[in-house]
Amino acid sequence: MSSKSLWKATANDMKRRPVQQGEETCDVVIIGGGFTGLSVAYHLQQRNVKTVVLEANTVGSGASGRNGGEVLIGYVMSMQALAEKYGSDAARQMFQMSLDSIDLIENIIKEEDIQCDFFRNGNLLAAYKPSHLDGMRREQEFLYKNYNFETKIVEKQDMHTEMDSDFYHGAHIDEKSAIFHPLNYCLGLANAVEKYGGTIYEHSEAINIKRESHDRVVVETNNGRVIAKQVGMFVNAYTTDVHKLIKKAIVPVESIVLATETLPEDLCEQLIKHNRAACDTKNLLYYFRLSADNRMVFGGSGRTTSKRDAQRLFDNLQAGMVDVFPALKDAKVDYKWSGKVGFTIEKIPYIGQLDDGTHFAFGYAGHGAAMSTLLGKIVAMNMLNEGDKNNPLDRSNLKPIPFHSMNATGLGMMKYYFKFLDYIS
Ligand SMILES: Cc1cc2nc3c(=O)[nH]c(=O)nc-3n(C[C@H](O)[C@H](O)[C@H](O)COP(=O)(O)OP(=O)(O)OC[C@H]3O[C@@H](n4cnc5c(N)ncnc54)[C@H](O)[C@@H]3O)c2cc1C
């Protein structure tokens, strides 16, 4: 079994990019080469704004190249809960943004001819307990009544029309969500940035940001420095000490994923009948989908602090996969990997510009495959002074999470995480 991800093993083009060296100037320096940072660069370059992207490792080596590739509408919390918390106008805007984010990705993929197995067949949210289906019915009604957005409820006895599994008590289906090969999308976006004249450096960690005046910022790397008018930090859960406030506003939580051996096509057609994204309502949630090369890709939560822990967690995840899909009892696991998911204290993504001038967008809580491209575009618009001032996700007055380091490591953090995920119970 490989410890590299399925996505890396099946990547289209992992070309090597140069290391930043010496001194250079540009309009905007972007820290982080995942979906968010690359989307900022892509949208700026299209307007002839000269960008330099600094990536500490390789393009897509953070969450963007490791995720489940489920491009989902909505947020980790239900829209009902968001409307109660933020008001109906803000929630409506947030919901529309989540729909727009997938349209944007679809357009970029078409425009740039990115080969990333994008299939827009919807998402199936599976009810772990009978009571969870009641919550889904309420959400379905809410979405229709408030946004005229139609979804489908599947009763337990009809679940075989969607999945070869008796594990769940029904499901809530939207037809707008999608799946893709996340690393190939990310690499395609990087190629597009370069096509429009942007520069991407790999193995080029930003180690210091020095603001010298309102239109001059210097970002130091190990081998040089980049001087720009504006700077953006898009490191999400892979944040380091380079910007302490941003670090203290995000909580990284680990997630693990496995991919089986290639399965017979007719078995795949039975397992998930309409090639949808899928996830469930367990506190320790599972998410799963098929890959374009006919593997089951199955993810869950877990903190792989030691090698033994990691083995146990992957064994449990595989057992969980067989609980859901007994037909996979003898399926070999070919790949297993992990990555860090970023949460904010409010469980919604944040975007904004700090008093020190730094732009940011992060904290997608497991929904960033969709939202990060859109928030990257909005950051680009903000940098051009063309952004919408009434963005409900704007947190330019960002505050550190109290007791952040304890949150990130302690048991309390795990409870916090479970609560985040348990939004429908
Ligand atoms: C295992 C897993 C499964 C997931 N599944 C899903 C899913 O199915 N659907 C979904 O919507 N979301 C999912 N997510 C979340 C999603 O992947 C993220 O929300 C999204 O990729 C965030 O993109 P990003 O560009 O903001 O951050 P990242 O992709 O994490 O990129 C940040 C980059 O910044 C770089 N960096 C950090 N510090 C520096 C520095 N000082 N200098 C230069 N570079 C630096 C890192 O190396 C990294 O490449 C999952 C995440 C994980 C880990």
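**Strands, shell and core**

Guide: Let's begin with a pairing: E10 and strand E11 (residues 216-220) run antiparallel and are joined by five bridges. Please keep in mind that this is a predicted model.

Visitor: What makes E10 and E11 a pair?

Guide: Two strands pair if there are at least two bridges between them. E10 and E11 have five, so they meet that cut-off. One example is Lys-210, whose bridge partner in E11 is Val-218.

Visitor: Which sheet do they belong to, and in what order do its strands lie?

Guide: It is an open sheet of four strands, ordered E1-E12-E11-E10, with mixed pairing. Strand E1 (22-25) and strand E10 (208-213) each have a single partner strand, so one side of each has no neighbour in the sheet. From one strand to the next, the twist averages 20°.

Visitor: Why is strand E7 called largely enclosed?

Guide: A residue counts as buried if 20 or more other C-beta atoms lie within 10 Å of its own. Five of the five residues of E7 (residues 170-174) are buried, so the rest of the structure largely encloses this strand. In a regular strand, side chains alternate between the two faces of the sheet. In E7, Gly-170, His-172 and Asp-174 are buried on one side, and Ala-171 and Ile-173 are buried on the other.

Visitor: Which strands pair with E7?

Guide: Strand E5 (residues 123-126) is joined to E7 by four bridges and runs antiparallel to it; Leu-124 has Ile-173 of E7 as its bridge partner. Strand E6 (residues 152-155) also pairs with E7 in the antiparallel sense, over four bridges, with Glu-155 opposite Gly-170.

Visitor: How many residues surround the ligand, and which are the closest?

Guide: There are 45, and the closest are Gly-34, Gly-62, Gly-68, Gly-339 and Gly-368. Helix H2 (35-45), strand E14 (251-260), strand E18 (333-343) and helix H10 (368-383) give two or more residues each. H10 gives the most, with four.

Visitor: How does that shell divide by residue type?

Guide: It has 19 nonpolar, 21 polar and five charged residues.

Visitor: Which residues have the most contacts inside the largest nonpolar core?

Guide: In that core of 128 residues, they are Ile-30, Leu-54 and Met-296. H10 gives the most to this core, with nine residues. Leaving aside residues up to four places away in sequence, Met-296 touches several residues, including Phe-288, Met-321 and Phe-325.

Definitions and conventions. Residues are numbered from 1 along each chain as its sequence is written. This is a predicted model: local features need pLDDT of at least 70, side-chain atom pairs count only at pLDDT 80 or more; totals for chains, interfaces and linings use all residues. A residue is near a molecule or strand if its C-beta atom, placed from the backbone, lies within 6 Å of it. Ala, Val, Leu, Ile, Met, Phe, Trp, Tyr, Cys and Pro count as nonpolar, Asp, Glu, Lys and Arg as charged, and the others, Gly among them, as polar. Axes are lines fitted to C-alpha atoms, for helices over the stretch in contact, and angles run from 0 to 180 degrees between N-to-C directions. A residue is buried if 20 or more other C-beta atoms lie within 10 Å of its own, exposed if 12 or fewer, and partly exposed in between; C-beta atoms are placed from the backbone. A nonpolar core is a set of buried Ala, Val, Leu, Ile, Met, Phe, Trp, Tyr and Cys residues joined through C-beta atoms within 7 Å. Two residues are in contact if their C-beta atoms, placed from the backbone, lie within 7 Å.
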